[in-house]
Amino acid sequence: MDKKNKGWRVIAPIVPNEPEGMQVIPDELATVFMQSQITGVGIKLKILPNKCGEKDTIENDISLVKIRLQQKSLLKALSSYYLPYAGMFYPPVFIDTNNLFRDQLRAALKELGI
């Protein structure tokens, strides 16, 4: 990593089909994000929809996340990428066998400068 990309990075996965996580994660991240802005720490935060397409379409899952993040003024922290539901594979196997998952993860990491 070069010097211009120094600093904290936070990747916060959020699963659209987990009601408790959809409630708690944005609440907690809003506090962290606000504090980082006030103190000037400058955390680079990306919220990454995870397990998209498990029970609904990918588009509907991402839409649910967008609505919730907008409620907490976190929509600008939403990643341009998402992680699809990877099935019953265990890490790191699915990274090698699921091209969509691998490509989305790489793109999300690149988005953060990693």
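Student: Which residue follows H4, and what is its phi?
Tutor: Gly113 follows H4. Its phi is positive, near 85 degrees. Keep in mind that this is a predicted model.

Student: What span should H4 have, at 1.5 Å a residue?
Tutor: H4 covers residues 99-111, so its 13 residues should span 18 Å. The end C-alpha atoms are 18 Å apart, which agrees.

Student: Which residues of H4 are buried?
Tutor: Phe101, Arg102, Gln104, Ala107, Ala108 and Glu111.

Student: Switching topic. How many residues are in the largest nonpolar core?
Tutor: There are 14. Those with the most contacts inside it are Leu29, Leu45, Ile47, Val65, Leu69 and Leu74.

Student: Which elements give two or more residues to that core?
Tutor: Strand E1 (9-14), helix H1 (19-39), strand E2 (44-49) and helix H2 (58-71). H1 gives the most, with four residues.

Student: And what does Ile47 touch, leaving out residues up to four places away in sequence?
Tutor: Ala12, Ile14, Leu29, Leu69, Leu74, Ala77, Leu78 and Ser79.

Student: Buried or exposed?
Tutor: Leu29 counts as buried, because its relative accessibility is 11% and the cut-off is under 20%.

Student: What does Leu29 touch, again not counting residues up to four places away in sequence?
Tutor: Ala12, Leu45, Ile47 and Leu74. As for Val10, its C-alpha atom is separated from that of Leu29 by 9.9 Å. The two residues are 19 apart along the chain.

Student: Now Ser36. Which helix is that in?
Tutor: Ser36 is in helix H1. At 3% relative accessibility, Ser36 counts as buried.

Student: What does the side chain of Ser36 reach?
Tutor: The backbone oxygen of Phe33, at 2.8 Å. Ser36 is also in contact with Val41, Gly42 and Ile43, leaving aside its neighbours within four places in sequence.

Student: Last one. Where is confidence lowest, and where is it highest?
Tutor: It is lowest in helix H3 (residues 93-97), at a mean of 62. The highest is in H2, at 96.

Student: And what is the mean pLDDT of the protein?
Tutor: The mean is 86, and 86% of the residues reach 70 or more.

Conventions:
Residues numbered from 1 in each chain as written. Predicted model: local features only at pLDDT ≥ 70, side-chain atom pairs only at ≥ 80, totals over all residues. Heavy atoms only, no water. Core = buried A, V, L, I, M, F, W, Y, C linked by side-chain atoms within 4.5 Å. Buried < 20%, exposed > 50% of the residue type's maximum accessible area, 1.4 Å probe, protein only. Contact = heavy atoms within 4.5 Å. Expected span 1.5 Å × (residues − 1). pLDDT = per-residue confidence, 0-100. Polar contact = N/O pair within 3.5 Å; in protein donor to acceptor, adjacent residues only side chain to side chain.
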